[in-house]
Amino acid sequence: MKRAVITGATGAVGTALLQELIENNVEILVLCREGSARNSKIPDSSLITKKYCDLTELKTVQNDTRKSYDVFYHFAWAGTTGAARNDMHLQNKNVEYALDAVEAAKRFGCHTFIGAGSQAEYGRVEGLLKPDTPTFPEMGYGIAKLCAGHMTRKQAHQLGMNHIWVRILSVYGPNDGSQSMVMSTISKLQANETPMFTKGEQMWDYLYSGDAARAFRLVGDKGIDGKTYVLGSGQARPLVEYIKQIRDVVAPNGELGLGAIPYGEGQVMFLQADITEIAKDTGWTPKMRFDEGIRQILR
């Protein structure tokens, strides 16, 4: 891969992927929303070109760069948090935007389209999440991601492009959303506040954003057309252990409100990726320990 196009490049995985591609001398075209404060997260590099294009403009965006690109990474998605995750009309629009992204990838000369899926496509599963694990999503966000994965695959193949779908579990790292468990816990501990949690009995799989970025780069280089990969650390631990590790790194004497919040309806209690397939095809394995990842965020 010599050139890549990325949408949604200002989140935890997107910014980490930018850095990963820069370090591997890949030229990048970032499609970003004009006026977004998060554009400041895009590194100042001779390898990066910014082109203003929001989700609604993917349908008409043209390649005026005079260059042909290899891989198109689609991370951009509206309504990823809160009540918007069950806004069916909005989530349905995201499927349309994803199809627009496939057509844009073709106009930019890409041979491969890589879409960012989600563990929400599975719903509640007690076992390892594998590419072929049955999918029963319970919210609009997961339903739309599942639909987008299937429909963009058909669309890409109709246009003569390769297609790979990567279902992301829980990623943490710099530039993550402020409302995520990791970032909100760090912020409250730094402010000498007591963060509130459930009992933390959920078995959870956290992956550092830098490891996720390396996986996406390798999938772009070595991933197999038509495949779905599940992306996580491959290990699950009780959520309470992660919470205590954050406390130990950020504020060793900080208080934790464990058990202060009841489990929500439909709470996912087990989340663990089977990373056998992505490791076999690309050679990828995660490297970052959770506590060291928290220190990287603080830096």
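Some ground rules. Residues are numbered from 1 along each chain as its sequence is written, and side-chain values use heavy atoms, with hydrogens and water left out. As the model is predicted, local features need pLDDT of at least 70 and side-chain atom pairs count only at pLDDT 80 or more, while totals for chains, interfaces and linings use all residues.

I start with the inside. A nonpolar core here is a set of buried Ala, Val, Leu, Ile, Met, Phe, Trp, Tyr and Cys residues joined through side-chain atoms within 4.5 Å. Buried means under 20% relative accessible area, exposed means over 50%, and partly exposed is in between, with a 1.4 Å probe and protein chains only. The largest nonpolar core has 66 residues, and Tyr73, Val182, Phe216 and Ile294 have the most contacts inside it. Apart from it lies another core, of 20 residues, with Leu29, Leu58, Val61 and Tyr97 among them.

What does Val182 touch? Contact means heavy atoms within 4.5 Å. Not counting residues up to four places away in sequence, Val182 touches Tyr172, Tyr206, Ile246, Phe290, Ile294 and Ile297.

Val182 is also one of the buried residues of helix H4, residues 181-190. For the labels: helices (H or I, at least four residues) and strands (E, at least two) are DSSP runs, numbered from the N terminus. The cover over the buried residues of H4 includes strand S7 (170-172), S9, H6 and helix H8 (290-298). Just after H4, Asn192 takes a positive phi of about 60 degrees.

Now the pocket. The search uses a 1 Å grid over the protein atoms alone; a cavity is a set of points where a 1.4 Å probe fits but cannot get out, whereas a pocket is an open set with protein on both sides within 12 Å along at least five of seven lines, and lining residues have an atom within 4 Å of a point. Grid points are joined across faces, edges and corners, and a volume is the space filled by probe spheres set on the points. The second largest pocket holds about 180 Å³ of space. It has 14 lining residues, and those closest to its centre are Tyr206, Ser233, Gln235, Met288 and Phe290. Strand S9 (residues 206-208) gives the largest share of the lining, three residues. By class, the lining has nine nonpolar, two polar and three charged residues. In that count Ala, Val, Leu, Ile, Met, Phe, Trp, Tyr, Cys and Pro are nonpolar, Asp, Glu, Lys and Arg are charged, and the others, Gly among them, are polar.

Gln235 comes up again as a contact of Gln272. Gln272 lies in the loop between helix H6 (239-250) and helix H7 (276-282). Is Gln272 buried or exposed? Gln272 is buried, at a relative accessible area of 15%. Beyond four places in sequence, its contacts include Gly127, Leu169, Asp205 and Gly234. A polar atom of the Gln272 side chain lies 3.0 Å from the backbone oxygen of Gly234. A polar contact is a pair of N or O atoms within 3.5 Å; within protein, one must be able to donate a hydrogen and the other to accept it, and residues adjacent in sequence count only if both atoms are side-chain atoms.

Ser118 is in strand S5, residues 112-118. At 5% relative accessibility Ser118 counts as buried. A polar atom of its side chain lies 2.9 Å from the backbone nitrogen of Ala120. Leaving aside neighbours within four places, Ser118 is in contact with Tyr141, Lys145, Arg167 and Ile168.

Met161 sits in the loop between helix H3 (140-158) and strand S6 (162-168), and counts as buried at 2% relative accessibility. Met161 and Lys106 are 55 residues apart in sequence and 7.5 Å apart in space, C-alpha to C-alpha. Lys106 is also among the residues that Met161 touches, including Val102, Cys110 and Asp225.

I finish with two exposed loop residues. Asn25, between helix H1 (12-23) and strand S2 (27-32), is exposed at 58%, and its phi is near 60 degrees, a positive value in a residue other than glycine. Arg66, between strand S3 (48-52) and strand S4 (71-74), is exposed at 86%, with a positive phi of about 65 degrees although it is not a glycine.
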